[in-house]
Amino acid sequence: MAKQIVVIGGGIIGLSSAWKLAEAGHSVTVLEKGKCGDGATTASLGALVPYNASREDSLPSKQRHSLWMYPQFVNDLHKLTGIDVGFKQTGRIQLIQNEHQRNKMQQDADIANEKWPFEGAETQKLLNDSELKKLEPEVEGTNFGALHCKATATFEPKRMIAALRSACMKMGVDIREHSPAVQLITQQNHVSQVHTATGLVSADFVALAAGAWSKNILPADHPLQQTGYVAPLKGQALEVATPHQLINHMVRGLGVYLIQVDDKKLLIGGTKEKDAGFDTSTTQKAEDDLLAKAEKLVPAIAECKVVRQWAGLRPYSEQKAPFIGWDSAFANLYHATGHAGIGLCLTPYTCQKVLEDIEHASHH
Ligand SMILES: Cc1cc2nc3c(=O)[nH]c(=O)nc-3n(C[C@H](O)[C@H](O)[C@H](O)COP(=O)(O)OP(=O)(O)OC[C@H]3O[C@@H](n4cnc5c(N)ncnc54)[C@H](O)[C@@H]3O)c2cc1C
């Protein structure tokens, strides 16, 4: 039976969930405090990074599953909206800095190749410096080689938000921008309505996808307020103008990563500033740090002009995994938040899980 569902937050997680729920026949309202995508999503660099193969909980397998779902996900979006999100399976080159790291990467690569072959081939391969030079002539070798990971892709976050917004509109989602959720109106163990700046909205189910701001929406005495629920993790990034294409893959090393969007545009990300709260100002120090590291990886970047610097807030949680599932206090409240630095990658998985769990609950 069709349900009334309120999604709080119009980032990649909220919009993709709204699209899937509306496609399944539900009546969906998205509440967005500003403009869709203006949270972490359009501040991100659009990298779909592979799982950490040696981590033992279930997150890497969800991440891998989600990454594998991407080609279908962007195809479906394209078919519905005509918008090309710029999805490219670029692969990733990770520079190795020392012997210890090389051994660790070899172990990770072995696990990944054994468990998760990509398109029937080896997912990850260690390269020596001369193999690296062939793939990436502008990248400075380290004498320890690099890890080539094929299962890495990128897309353009602004185009993704445009496509998801359009998909939602086509499915009849009521998208309310500049309409923050102010408070959950609860009755015993249920959320009955969401109080917004423009009035009350009734809900059979509420999906909380407000990214770094999710905690602000929960009542002050909610049990999750006492835990490491979701907090902002500030990230600054840069765009530089390149004379021509400098790199062919996503390149990672020294704690930064580089993405060549087109011939003229290269992105450098990102800082991790834990104690910055909700501050989104940019700093000279971050620009200098990011540039210094990027220039070590690709010396030609020293000749490139910085054309943009920005900051965004990743929805980070101390449990180092997202909150995807039902709330412990309110039976019809669903969490889809806390995706930290891998939210883009986890999107197909998360929105599918939101749909399945809400569908399952609505049949009871
Ligand atoms: C510099 C940087 C680079 C990154 N690069 C990558 C990357 O390459 N790959 C990757 O996978 N991830 C990356 N990330 C992380 C990624 O951006 C996030 O994981 C992802 O965007 C989270 O999506 P979301 O929809 O949960 O959150 P958001 O995009 O933040 O969306 C939450 C939305 O909720 C809205 N909201 C907040 N409060 C309310 C309220 N009270 N009422 C209504 N609406 C509200 C906000 O305005 C916002 O639009 C990066 C992040 C940063 C900062």
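Where does G14 sit in this chain? G14 is in helix α1, residues 12-23. Helices here are DSSP runs of H or I with at least four residues, strands are runs of E with at least two, and both are numbered from the N terminus.

Two points on the source. Residues are numbered from 1 along each chain as its sequence is written. The model is predicted, so I keep to its cut-offs: local features need pLDDT of at least 70, side-chain atom pairs count only at pLDDT 80 or more, and totals for chains, interfaces and linings use all residues.

Back to G14. Is G14 buried or exposed? G14 is buried, because 31 other C-beta atoms lie within 10 Å. The scale is this: 20 or more other C-beta atoms within 10 Å of a residue's own is buried, 12 or fewer is exposed, in between is partly exposed, and the C-beta atoms are placed from the backbone. Contact means C-beta atoms, placed from the backbone, within 7 Å.

Next, the domains. The protein is divided into domain 1 (4-83 + 157-229 + 318-362) and domain 2 (92-151 + 231-316). Those bounds come from an automatic or database domain assignment. Taken over C-alpha atoms, the two centres are separated by 27 Å. Contacts link 21 residues of domain 1 with 24 residues of domain 2. On the domain 1 side, α2 (59-81) and α6 (214-217) are the elements that give two or more residues.

The largest nonpolar core has 102 residues, and I8, A18, V206, A207, L208, L258 and I268 have the most contacts inside it. A nonpolar core is a set of buried Ala, Val, Leu, Ile, Met, Phe, Trp, Tyr and Cys residues joined through C-beta atoms within 7 Å. This core draws at least three residues from each of domain 1 and domain 2. As for L258, its contacts beyond four places in sequence include I247, M250, L266 and A294.

Now the sheets. Six strands form an open sheet in the order β8-β2-β1-β12-β19-β18, with mixed pairing. Two strands pair if DSSP finds at least two bridges between them. β8 (174-176) and β18 (323-326) are the edges; each has a single partner strand, so one side of each is left without a neighbour in the sheet. Neighbouring strands are turned by 15° against each other on average, direction ignored.

At the β8 end, three bridges join β8 to β2 (residues 27-31), and the two run parallel. L31 stands opposite R176 in β8. At the other end, β18 and β19 pair antiparallel over four bridges, and a hairpin of six residues joins them. There, W326 has Y334 in β19 as its bridge partner. Helix α8 (residues 343-362) lies across β1, β12, β18 and β19, at about 175° to β19. Axes are lines fitted to C-alpha atoms, for helices over the stretch in contact, and angles run from 0 to 180 degrees between N-to-C directions.

Last, an open sheet of three strands has the order β9-β10-β11, paired antiparallel. Its edge strands are β9 (181-187) and β11 (199-202). Here the twist averages 30° from one strand to the next. β10 (residues 190-196) and β11 share four bridges, and T196 has G199 in β11 as its bridge partner.

Terms used
Two residues are in contact if their C-beta atoms, placed from the backbone, lie within 7 Å.
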